[in-house]
Amino acid sequence: MLAIDVQQLRKEFQVQQSRGGLKGAFQDLFRREYKHVTAVKDISFQIPKGEICGYIGENGAGKSTTIKMLTGILVPTSGEIKVNGYVPFKEREKFVSGIGVVFGQRSQLWWDIGVVESFQLLKKVYRVSEADYKKRLDELVDRLQLSDLLSRPVRKLSLGQRMRCELAASLIHNPAILFLDEPTIGLDIVVKTEIREFLKSLNQRYETTILLTTHDLQDIEALCSRVIMLDDGRIIYDGGLEELKAKWGKGKEVVLQFEYPVTLPKLQELTQGLDVAWQLENELSAKVFIPYERANVSEVLSRVVGVLQIQDIKINETNTDDIVREIYKSGSAEVKQTEDIKQDEGVFTHA
Ligand SMILES: Nc1ncnc2c1ncn2[C@@H]1O[C@H](COP(=O)(O)OP(=O)(O)OP(=O)(O)O)[C@@H](O)[C@H]1O
């Protein structure tokens, strides 16, 4: 079953333009000029129930605009959306009872009252029965470690504490789909990890579908099996994270520490026939770069380990930031070339 079905979705904004100078200002009084900004350009994607999907892109790519349409805050200019079987901006009451939303930068909790009172208000808004509320609250308090926070006013909480309460608030009514917009922004690594662990277990336990917007690629690595990447309102990648890495990540770097001095020719000789590049750091340490799909780490290591005494090995994984930068570069290039061509042709899929 599909949790989210988006077809040819488009959003244009009309932006007022000001003409410069006194004359321009005078003209503006009588006749405003408008220009259209197209934030989302005829995108299509489907997310099955139970999937955690990362929705990423640079600032201004159109992520928030999409999320706002998916949650019914904005009405699309054209195209179709079904979320949980509903059209988000119609049938509001039924629709909102099936979704939860967390905007990292904004709060859905009331600032001056105790956290638990906010939860009780949300219980009323979503018409959750007393029994369900109690069961749900107990579980959330336990899993997000909220017991010490419940009676405190939100304004007295740290950012990490508040974010844990925000998550609980978005889940009081046990929604089938959770939209998260930058849920870990500004948090320290410990809280980030706790939140990721919580989301993983939520997804496993309840099959909650999660659409996650983030600039933090560790979030994506920890949680998402699939990534949709936007650039300038268009989808430039839709597929698995592993494939993304394999296709766009350049390779792995292995750093070796040796017991005894080595030379570059010796290392090159050992890996003869393999498409790898050695670099000597000092006589006891060398780096080897192993490009994806052209050589593999175990083959390189087995050739070296059998001959040289190794003290330490470190494998540097591909940095996803680099991958994204690469994609953006080629994605933007692609989009420019195909400006007048059908959007689909600019999409790299995992097929
Ligand atoms: N209400 C609006 N009126 C006019 N233009 C808008 C409006 N909302 C968004 N835009 C424009 O639409 C484009 C996409 O914005 P959007 O906020 O969706 O990007 P984003 O990917 O969420 O960026 P960020 O990562 O910075 O949040 C931008 O060019 C933005 O200026």
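Predicted model: local features only at pLDDT ≥ 70, side-chain atom pairs only at ≥ 80, totals over all residues.
1. Numbering runs from 1 along each chain as its sequence is written.

2. Now the ligand. Its shell (residues whose C-beta atom, placed from the backbone, lies within 6 Å of the molecule) has five nonpolar, six polar and one charged residues. Among them are Phe 13, Val 37, Asn 59 and Lys 63. Strand S1 (2-17), strand S2 (33-48) and helix H2 (63-70) each supply at least two shell residues, and H2 has the largest share, with three. Helices (H or I, at least four residues) and strands (E, at least two) are DSSP runs, numbered from the N terminus.

3. Next, have a look at Leu 267, which sits in helix H10 (residues 264-270). Leu 267 is buried because 21 other C-beta atoms lie within 10 Å; the cut-offs are 20 or more for buried, 12 or fewer for exposed, and partly exposed in between, with C-beta atoms placed from the backbone. Leaving aside neighbours within four places in sequence, Leu 267 is in contact (C-beta atoms, placed from the backbone, within 7 Å) with Val 262, Trp 278 and Ala 286.

4. Finally, a helix pair: in H4, Val 115, Ser 118, Phe 119 and Leu 122 meet Cys 165, Ala 168 and Ala 169 of H6. By class, this contact has six nonpolar, one polar and no charged residues.

Notes:
Nonpolar A, V, L, I, M, F, W, Y, C, P; charged D, E, K, R; others polar. Contact = placed C-beta atoms within 7 Å.
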